[in-house]
Amino acid sequence: FKDVDRSKVAVFYTSDHGQNIGPGLLPHCSVEPAKAEFSVPLLAFLPPGTLPRYAGEKSMNRSASQIFPTTLQLMRYPDAYARENYDNDLASSTVQYVWFGRGIVPVHKGGTIELHKPDDFPGR
């Protein structure tokens, strides 16, 4: 980051998914993912001034699905938009697991993004 303007850059360093280990289970990319698939190591290098907001307790329940709404908020999308459409940002515990399908980027004008949100999030 030597020549990078840190006030304009956020970097998330993580694994792309966790592992759901057990007999007869898919380890990842299952149709109905388990909590373990969203539990990943995460380092976040955030712009100065944003860190206190995201510096919660280590024991907070956070998940990989919170990286995208946090990114939206850092890009100045409204907080409510990110929370209502995806998940809480990294400042709060996760409220639902959200994952993208293969259609994560629209490939033509008017195209859509494939997004999955379970109705039966654990703990609801």
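Q: Which backbone oxygen does the side chain of Gln 66 reach, and at what distance?
A: This is a predicted model. Gln 66 lies in the loop between α1 (51–54) and α2 (67–74). Its side chain reaches the backbone oxygen of Ser 92 at 2.8 Å.

Q: Is Gln 66 buried or exposed?
A: Leave aside residues up to four places away in sequence; Gln 66 then touches Asn 61, Asp 87, Asn 88, Asp 89, Leu 90, Ser 92, Ser 93 and Thr 94. Its relative accessible area is 0%. Buried means under 20%, so Gln 66 is buried.

Q: With which side chain does the side chain of Thr 94 make a polar contact?
A: Thr 94 is one of the residues that Gln 66 touches. Thr 94 lies in the loop between α3 and β3. It is buried, with a relative accessible area of 6%. At 2.5 Å, its side chain makes a polar contact with the side chain of Asp 87.

Q: Which backbone oxygen does the side chain of Thr 94 reach at 3.2 Å?
A: The side chain of Thr 94 makes a polar contact with the Asp 87 side chain. It also reaches a backbone oxygen at 3.2 Å. That oxygen belongs to Gln 96.

Q: Why is the pair of Tyr 77 and Tyr 81 stacked?
A: The structure holds 3 aromatic pairs. In the pair of Tyr 77 and Tyr 81, the ring centres are 5.9 Å apart and the planes stand at 25 degrees. Planes under 30 degrees apart count as stacked, so this pair is stacked.

Q: What kind of aromatic pair do Tyr 81 and Tyr 86 form?
A: Tyr 81 is partly exposed at 36% relative accessibility. The rings of Tyr 81 and Tyr 86 are 6.3 Å apart, centre to centre, with 70 degrees between the planes. An angle over 60 counts as edge-to-face. The pair is edge-to-face.

Q: Which residues do ring pairs link into a cluster?
A: Tyr 77 is partly exposed at 38% relative accessibility. Tyr 86 is buried, at 12% relative accessible area. Both belong to the cluster, whose members are Phe 68, Tyr 77, Tyr 81 and Tyr 86.

Q: What is the phi of Arg 76?
A: Most residues other than glycine have a negative phi. Arg 76 is not a glycine, yet its phi is positive. Arg 76 sits in the loop between α2 and α3 (79–85) and is exposed at 77% relative accessibility. Its phi is about 75 degrees.

Q: Which residue forms a salt bridge with Asp 5?
A: The structure holds 1 salt bridge. Asp 5 is partly exposed, with a relative accessible area of 39%. The closest N and O atoms are 3.9 Å apart, and the partner is Lys 8.

Q: What is the area of the nonpolar surface patch that includes Val 4?
A: Val 4 is in the segment before β1 (11–14). At 36% relative accessibility, Val 4 is partly exposed. The patch is made by Phe 1, Val 4, Tyr 13, Leu 43 and Phe 45, and its area is about 510 Å².

Q: How many Å apart in space are Ile 113 and Phe 100, C-alpha to C-alpha?
A: Ile 113 lies in the loop between β3 (99–100) and β4 (115–116). It is partly exposed at 41% relative accessibility. In sequence, Ile 113 and Phe 100 are 13 residues apart. In space, C-alpha to C-alpha, they are 7.6 Å apart.

How values were computed: Residues numbered from 1 in each chain as written. Predicted model: local features only at pLDDT ≥ 70, side-chain atom pairs only at ≥ 80, totals over all residues. Heavy atoms only, no water. Patch = residues over 30% accessible without salt bridge, like charges linked within 9 Å, V, L, I, M, F, W, Y side chains within 5 Å. Areas by Shrake-Rupley, 256 points an atom, 1.4 Å probe, with all protein chains shown as cover. Salt bridge = Lys/Arg side-chain N within 4 Å of Asp/Glu carboxyl O. Helix = DSSP H or I, 4+ residues; strand = E, 2+ residues; numbered from the N terminus. Buried < 20%, exposed > 50% of the residue type's maximum accessible area, 1.4 Å probe, protein only. Polar contact = N/O pair within 3.5 Å; in protein donor to acceptor, adjacent residues only side chain to side chain. Contact = heavy atoms within 4.5 Å. Phe/Tyr/Trp six-rings, centres within 6.5 Å; stacked < 30°, edge-to-face > 60°.
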